[in-house]
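Q: I'm new to this one and would like to walk through it slowly. Could you put it up so that we can look at it together?

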Amino acid sequence: MTGTAVVVGASGALGSAIADRLRADGLHVVAVARTPPVGDGWCTADIGSDDSVAAVAAAVADTPGPVRMVVQAAGLPAAGPLERIEPDALGRAVALKCGGLLRLVRAVDDRLADGSRIVALGGHFGVEPAPYACAAGVTNAGLANLVRQLSIAYGPRGVTAHLVAPGPADTPRLRGLSQDTADERGVTLDEVLAERAAESPLGRLVTPDEVAWAVGTLLDPHAGALAGSTLSLDVGARRGIF
Ligand SMILES: NC(=O)c1ccc[n+]([C@@H]2O[C@H](COP(=O)([O-])OP(=O)(O)OC[C@H]3O[C@@H](n4cnc5c(N)ncnc54)[C@H](OP(=O)(O)O)[C@@H]3O)[C@@H](O)[C@H]2O)c1
């Protein structure tokens, strides 16, 4: 496949797996982070700031073909559990992930074409609340709504929007957050990770490659019927049906 993809959070565990997958599919990848590693193909931008719109637009200006996919995979700062989270941290988390998705889309708007995909990484907690993941739950629920709005707005141009919602994934982020929980409760990291894995009937965590597969698969022209919906990668953890 020819064309360009933009991945925000491309130095992260999930973003880097997604960027690798999209490169393997033949796309030119513009990789975005605030403090990217040295190398070609990187764009330095803070997707939480309006300046990122111009920075990403400039980074895609001379790239090949249409922008076939944008991915918002920026990580949220840890904000703490429901009982201790600073109330304003909820707003900041939504501003970063939802506001960041809007900035990303605006940066590439004139380069989107029929069949282009707008993808946001949400998470299982957006539909299956857990007080220990308070900001992630609220933010990812908001992101699901925003993706549907984008799907309505961009649908007439043949552009679809998608939310990919992994359950707890085996990443340094999860290990860091789980270590905080372990320290607080006086248990080991492995015990907390085992609890996270036990939330799924299969008893395991999601892998970054599984997330990258789901995102890459959305490039298939037949994925267009998923417009606006949430692709759940929770290893079966969700109990409700809707
Ligand atoms: N890991 C999981 O278990 C899991 C499960 C479900 C959903 N998710 C969601 O998936 C996303 C990625 O998770 P991850 O584990 O890959 O996170 P991660 O390893 O912490 O990576 C975060 C990435 O986002 C970039 N970033 C952070 N703030 C940014 C900003 N303001 N502007 C631009 N880039 C920014 C980071 O680079 P810089 O710091 O250099 O900017 C890094 O590239 C998050 O939204 C997370 O909530 C994760």
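A: A term to settle before anything else is the polar contact, which is a pair of N or O atoms within 3.5 Å; within protein, one must be able to donate a hydrogen and the other to accept it, and residues adjacent in sequence count only if both atoms are side-chain atoms. In that sense, a polar backbone atom of Ala169 is 2.8 Å from an oxygen atom of the ligand. Please keep in mind that this is a predicted model, in which local features need pLDDT of at least 70 and side-chain atom pairs count only at pLDDT 80 or more, while totals for chains, interfaces and linings use all residues. Residues are numbered from 1 along each chain as its sequence is written, and side-chain values use heavy atoms, with hydrogens and water left out.

Q: How much of the ligand does the protein bury?
A: The ligand taken alone exposes 890 Å², and the protein buries 87% of that, with accessible areas coming from the Shrake-Rupley method with a 1.4 Å probe, where for residues only the protein chains shown count as cover.

Q: Which elements give two or more residues to the shell around the ligand?
A: Those are α1, residues 13-24, and α3, residues 87-108. Helices (H or I, at least four residues) and strands (E, at least two) are DSSP runs here, numbered from the N terminus.

Q: And how many residues surround the ligand?
A: There are 27, and the closest are Ser11, Arg34, Thr35, Asp46 and Ala74; a residue is near a molecule or strand if one of its heavy atoms lies within 4 Å of it. The shell divides into 14 nonpolar, 9 polar and 4 charged residues, where Ala, Val, Leu, Ile, Met, Phe, Trp, Tyr, Cys and Pro count as nonpolar, Asp, Glu, Lys and Arg as charged, and the others, Gly among them, as polar.

Q: What do Thr35 and Gly12 do there?
A: Thr35 has a polar side-chain atom 2.6 Å from an oxygen atom of the ligand, whereas for Gly12 a polar backbone atom is 3.0 Å from an oxygen atom of the ligand.

Q: Switching topic, what does UniProt list for residues 3-171?
A: An unreviewed UniProt entry lists them as "domain: Ketoreductase"; positions are given in the numbering used here, feature names are shortened, and annotations may be inferred rather than shown by experiment. In the model, that span is 38% helix and 19% strand, and its end C-alpha atoms lie 29 Å apart.

Q: Is Thr4 buried or exposed?
A: Thr4, which sits in strand β1 (residues 4-8), counts as buried because its relative accessibility is 0%; buried means under 20% relative accessible area, exposed over 50%, and partly exposed in between (1.4 Å probe, protein chains only). Leaving out residues up to four places away in sequence, Thr4 touches several residues, including Leu27, Pro64 and Arg111, where contact means heavy atoms within 4.5 Å.

Q: Where is Pro64, then?
A: Pro64 is in the loop between α2 (51-60) and β4 (67-72), and with a relative accessible area of 41% it is partly exposed. Apart from neighbours within four places in sequence, Pro64 is in contact with Gly3, Thr4, His28 and Arg111.

Q: What is the phi of Val235?
A: Val235 has a positive phi of about 55° although it is not a glycine. Most residues other than glycine have a negative phi. Val235 lies in the segment after β7 (230-233) and counts as buried at 15% relative accessibility.

Q: Last one: where does His124 lie?
A: His124 lies in the loop between β5 (117-121) and α4 (134-154), and its relative accessible area of 5% makes it buried. Setting aside neighbours within four places in sequence, the contacts of His124 are Ala165, Pro166, Gly167, Asp234, Ala237 and Arg238.
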